[in-house]
Amino acid sequence: MSEDIEINAIKIGMLHSAEVVNMLAVWLKDHPCTNIVLDPVMVSTSGHRLLDENAIISMTQNLFPLVRVITPNIPEAEVLLGQKIQQQEDIAIAAKKLANKYHTSVWLKAGHLHADVLVDICYDVETKKIYELPGVRIRTKNTHGTGCTLSSALASMLAKGLSLEDSARKAKEYMNQAIRHGADFEIGLGQGPVHHFWNLWSENKQD
């Protein structure tokens with residue numbers, strides 16, 4: 001496909017093993033892309049490790065140098081840094097440490113904190129600037145896939161040629177609204193999805 005269609009952005013999600021990570025790294029080196037967003041899916045919402053140590057090492061060594069932004073949540077950032085992140089004030093410090101350690105921009109998500117107002121931090125390694133991305137906690141069980149959705153939205157905005165700051169702010173607003181509009185869904189007994197098409201469905205046009 002890359003020989004036929006120009007790729008403006010790539011979003012990378014969960015990777016199964018070190019072997020998969022290494023194969024992807026080889027492909028990316030042969031098919032360079034400026035806007036690569038990596039969601040380092042390593043820890044589940046319930047706290048279970050999803051990647052073994054070899055896969056994590058391979059990801060940090062072979063993929064991180066190729067990407068523009070990583071989007072860890074707090075448990076994943078703790079694994080990458082080897083330290084705890086316990087309060088809002090820790091997030092900006094941790095994001096900057098991650099950016100300097102891995103030489104890539106970092107969007108560190110605050111959703112695992114327990115406050116009602118949560119502020120994600122995006123540290124732009126290209127400009128050395130910190131962007132605060134606030135959101136109000138919405139009490140709902142429909143939060144399945146929020147990390148995947150957010151990183152995909154960021155990649156989509158970058159593909160349009162927007163700056164990292166503008167892309168992050170637009171992606172955050174999209175995510176906030178997707179959670180809000182999907183908050184009352186009743187789909188099965190588990191965690192439901194966010195409303196990915198909130199700005200397209202006719203019943204939401206009045207909001």
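Helices, taken as runs of H or I of at least four residues, and strands, taken as runs of E of at least two, are DSSP runs numbered from the N terminus. The model shown in every view is a predicted one.

View 1. His-103 is found in the loop between helix 4 and strand 4, where its phi is near 60°, a positive value in a residue that is not glycine. With a relative accessibility of 64%, His-103 counts as exposed. Lys-128, which is found in the loop between strand 5 and strand 6, likewise has a positive phi, near 65°, without being a glycine. Lys-128 also counts as exposed, its relative accessibility being 53%.

**View 2. The aromatic pair of Phe-64 and Tyr-102.** A search of the whole structure finds two aromatic pairs, and this view shows the one formed by Phe-64 and Tyr-102. The ring centres of Phe-64 and Tyr-102 are 5.0 Å apart and the ring planes stand at 90°, so the pair is edge-to-face. Distant parts of the chain are linked in this way, since Phe-64 belongs to the loop between helix 2 (53-63) and strand 3 (69-70) while Tyr-102 belongs to helix 4 (residues 88-102), 38 residues apart. Both Phe-64 and Tyr-102 are buried.

**View 3. The aromatic pair of Tyr-174 and Trp-198.** Here the ring centres of Tyr-174 and Trp-198 lie 6.2 Å apart with their planes at 40°, so this pair is tilted. Because Tyr-174 lies in helix 6 (residues 164-182) and Trp-198 in the segment after helix 6, the pair ties together parts that are 24 residues apart in sequence. Tyr-174 is buried, with a relative accessible area of 17%, and Trp-198 is buried with a relative accessible area of 17%.

**View 4. Helix 6, its buried residues and His-181.** Helix 6 comprises 19 residues and spans 27 Å from its first C-alpha to its last, which is close to the 27 Å expected at 1.5 Å a residue. Its buried residues include Leu-164, Ala-168, Ala-171, Lys-172, Met-175 and Ile-179, and among the elements that cover the buried residues of helix 6 are strand 3, strand 4 (105-108), strand 5 (117-124), strand 6 (129-136) and helix 5 (146-159). His-181, found in helix 6, counts as buried at 13% relative accessibility, and a polar contact of 3.5 Å joins its side chain to that of Arg-180.

**View 5. The packing of helix 1 against helix 2.** Helix 1 (residues 18-30) and helix 2 pack with their axes 8 Å apart and at an angle of about 10°, and the two helices are therefore roughly parallel to each other. On the helix 1 side the meeting residues are Ala-18, Val-21, Asn-22, Leu-24, Ala-25 and Leu-28, and on the helix 2 side they are Asn-54, Ala-55, Ser-58, Met-59, Asn-62 and Leu-63.

**View 6. Helix 3 and the residues at its two ends.** Seven of the eight residues of helix 3 (residues 74-81) are buried, so this helix is largely enclosed by the rest of the structure. The buried residues are Ile-74, Pro-75, Glu-76, Ala-77, Glu-78, Leu-80 and Leu-81, and they pack against helix 2, strand 3, helix 4 and strand 4. The N-terminal end of helix 3 is capped by Asn-73, which has a side-chain oxygen 2.9 Å from the backbone nitrogen of Glu-76. Gly-82, which follows helix 3, has a positive phi, near 75°.

**View 7. Lys-109 and its surroundings.** Lys-109 has its place in the loop between strand 4 and strand 5, and at 11% relative accessibility it counts as buried. Leaving aside residues up to four places away in sequence, Lys-109 touches Asp-39, Thr-71, Pro-72, Asn-73, Ile-74, Asp-120, Gly-147 and Leu-150. Its side chain reaches the backbone oxygen of Thr-71 at 3.0 Å. The C-alpha atoms of Lys-109 and Cys-122, which are 13 residues apart along the chain, are separated by 8.5 Å.

**View 8. Ser-152 in helix 5.** Ser-152, whose place is in helix 5, is partly exposed, with a relative accessible area of 29%. The side chain of Ser-152 reaches the backbone oxygen of Cys-148 at 2.9 Å. Between the C-alpha atoms of Ser-152 and Leu-118, residues 34 apart along the chain, the separation is 20 Å.

Technical notes. Residues numbered from 1 in each chain as written. Predicted model: local features only at pLDDT ≥ 70, side-chain atom pairs only at ≥ 80, totals over all residues. Heavy atoms only, no water. Phe/Tyr/Trp six-rings, centres within 6.5 Å; stacked < 30°, edge-to-face > 60°. Buried < 20%, exposed > 50% of the residue type's maximum accessible area, 1.4 Å probe, protein only. Polar contact = N/O pair within 3.5 Å; in protein donor to acceptor, adjacent residues only side chain to side chain. Expected span 1.5 Å × (residues − 1). Contact = heavy atoms within 4.5 Å. Axes fitted to C-alpha atoms, helices over the stretch in contact; angles between N-to-C directions. Parallel < 35°, antiparallel > 145°, perpendicular 65-115°, else oblique.
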